[in-house]
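Subject: Structure handover

Hello,

Here is the structure for you to look at. My notes follow below it.

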Amino acid sequence: MEILHVSAECYPAAKVGGLADVVGALPKYQVHEGAISKVVIPAYRTKFFHEQHFEIVHQGGVWIGRDWYHFNVLKEEKNILGFDLYLIDIPGLLDQPNVYGYDNDVERFLGFQIAVLDWLNEWKHLPSIVHCHDHHTGLIPFLMQYGYKYSHLKQVPTILTIHNAQYQGQFGWDRVYLLPSFDLWKAGLLDWGGAINPLACAIKCAWRVNTVSPGYMRELLESANGLEGLLRMEQSKCSGILNGIDAEVWDPATDPYLPAHYEAAAFEEGKYANKVAICESYHLDPSLPLFVFIGRLVKDKGADVLPEIIYRASQDHPGAANFLVLGSGDSEITYHLSQLQHSVANNYRFYQGYNEALSHQLYAAADFLLMPSRVEPCGLNQMYALRYGTIPMVRRTGGLQDTVVDFGDEGGFGIRFEHASAWDVGYAIRRALVLYQDQHQINQLRSRVMQIDHSWNTAAHHYINLYTSLK
Ligand SMILES: Nc1ncnc2c1ncn2[C@@H]1O[C@H](COP(=O)(O)OP(=O)(O)O[C@H]2O[C@H](CO)[C@@H](O)[C@H](O)[C@H]2O)[C@@H](O)[C@H]1O
């Protein structure tokens, strides 16, 4: 079986968030399962692009409306990720340092998709599956079915994985001329709500659709940023498969970013050494419980309530806990988090920006990880926290609900709350502080959570079963 994953991100080549982690790990585990799994992403000008070696395996040209671009398909030479990685290099379109955030993102990702299909058209054999991730690749299932140039690819099954249905990549019909010619009788498949909607189009045209947790799949049928009705209509081909984590990259026993290593059998000394290292760097008292937040600073992650949560906790329990936030995103949230450093001077630090090394160090150093997400399709952070012996504190939603059981319930190990409000999270923090006083109990929980297996083994198997059902 040969699978081609098409995505905008893949760790470590290009990462903005969890999509990269999934596309950087799932194929590796599929290779372990005996499949041939390949990944193709755009050739952004990232550190990885400059540092690795590539060979050109295909050359072509794409029309985006009236503009013509030459493109190269590059293959990473040494197979350092454990699977074949291909980059679509389109000078003038994709040769930028960042993944998203340009005025011409519509043209950039259209160019990427068209180049992938043009390249695929030239393969001497066909892959068994084309697996598309999120809206940046959402027009591929449609074009494989109805694009005149790609009739050769009609029989290849397509899968869409929805990592986040909030983002759909819509653009106006005035730009339909950017697409390669297709059967106009099928134009309705591109449309949702009067615009071209790549995510909606993929939900209609992919052979199977899945989300990254069963809980999120159920939620989307009720509320999916306008796509709930469509998902209900297509429900028979939809399912939820819980993400895993790359247990080789995320392993406190070997993680190269950590100053001290540890494992479940003997974690206390090593985990504490990581906490001391972070507290020294950030001038915090290591004897206090450390609460961290890591993630994109957007409302969906509940980041807008963090300032109030932290301020209130510092008022209700003066000098009893430390907070450290690592993130970047919305400018208003960033401003409030920065300002908070003046009012909670001794017990709160804010690292604004993206820092992969620091994120690993924080999962290891923290006692508690805060995730007040309003929307969380799966969430990887809570699984990384568990692996590093850190107790996750999560809102009861999506994949968080599927992976974290409250320690007050039978077999539980985390802290759950209902609402992304300062009141609810404040109560959860109160419970965490009481738990922290009982070092025996918290150590038992830490030891237990470190042993939970969230590796990709199970999920990789589910995906292979899904592909096999399409043969
Ligand atoms: N400032 C920063 N510095 C360093 N690292 C940072 C960082 N901000 C975030 N990260 C890292 O980015 C990843 C975030 O992953 P998530 O799954 O939580 O979120 P995301 O919303 O991006 O993904 C979407 O896709 C994934 C994958 O399917 C789903 O789990 C999720 O629910 C869905 O919203 C983690 O590896 C985290 O450590």
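Among contacts between residues at least 6 apart in sequence, 71% join residues at least 24 apart. Contact here means heavy atoms within 4.5 Å.

A word on the source. This is a predicted model: local features need pLDDT of at least 70, side-chain atom pairs count only at pLDDT 80 or more, and totals for chains, interfaces and linings use all residues. Residues are numbered from 1 along each chain as its sequence is written, and side-chain values use heavy atoms, with hydrogens and water left out.

Overall build

The protein has 16 helices and 17 strands. Its radius of gyration is 23 Å, close to the 23 Å that the globule rule gives for 471 residues, so the protein is as compact as a globular protein of that length. The radius is taken over C-alpha atoms, and the rule is 2.2 Å times the number of residues to the power 0.38. Helices (H or I, at least four residues) and strands (E, at least two) are DSSP runs, numbered from the N terminus. Along the principal axes, the C-alpha atoms fill a box of roughly 65 × 45 × 40 Å.

Buried residues make up 60% of the 471. The cut-offs, with a 1.4 Å probe and protein chains only: buried is under 20% relative accessible area, exposed is over 50%, and partly exposed is in between. The protein exposes about 18700 Å², and carbon and sulfur atoms supply 50% of that. Areas come from the Shrake-Rupley method with a 1.4 Å probe; for residues, only the protein chains shown count as cover.

Annotated regions

UniProt lists residues 3-232 as "domain: Starch synthase catalytic", in an unreviewed entry. That stretch is 29% helix and 24% strand, with its end C-alpha atoms 28 Å apart. The UniProt annotation "domain: Glycosyl transferase family", also from an unreviewed entry, covers residues 287-408. There the chain is 39% helix and 25% strand, and the end C-alpha atoms are 25 Å apart. UniProt positions are in the numbering used here, feature names are shortened, and annotations may be inferred rather than shown by experiment.

Backbone points to check

Most residues other than glycine have a negative phi, and most peptide bonds are trans.

- Tyr 11 and Pro 12 are joined by a cis peptide bond, with omega about 5°. Pro 12 lies in the loop between strand S1 (2-6) and helix H1 (18-32).
- Asp 134 is not a glycine, yet has a positive phi of about 60°. Its loop runs between strand S6 (129-133) and helix H4 (140-146). Asp 134 counts as buried because its relative accessible area is 8%.
- Asn 225, also not a glycine, has a positive phi of about 50°. This residue sits in the loop between helix H6 (214-222) and helix H7 (228-233). At 41% relative accessible area, Asn 225 is partly exposed.

Individual residues

Thr 158 is in strand S7 (residues 158-162). It is buried, at 1% relative accessibility. Beyond four places in sequence, its contacts include Val 130, Cys 205 and Trp 207.

His 454 is in the loop between helix H15 (439-450) and helix H16 (457-468). Its relative accessibility is 15%, so it counts as buried. Leaving out residues up to four places away, His 454 touches Gly 244, Ile 245, Met 383, Leu 386 and Thr 403.

Ala 265 is exposed, at 75% relative accessible area. Its C-alpha atom is 9.2 Å from that of Met 450, 185 residues apart along the chain.

Best regards
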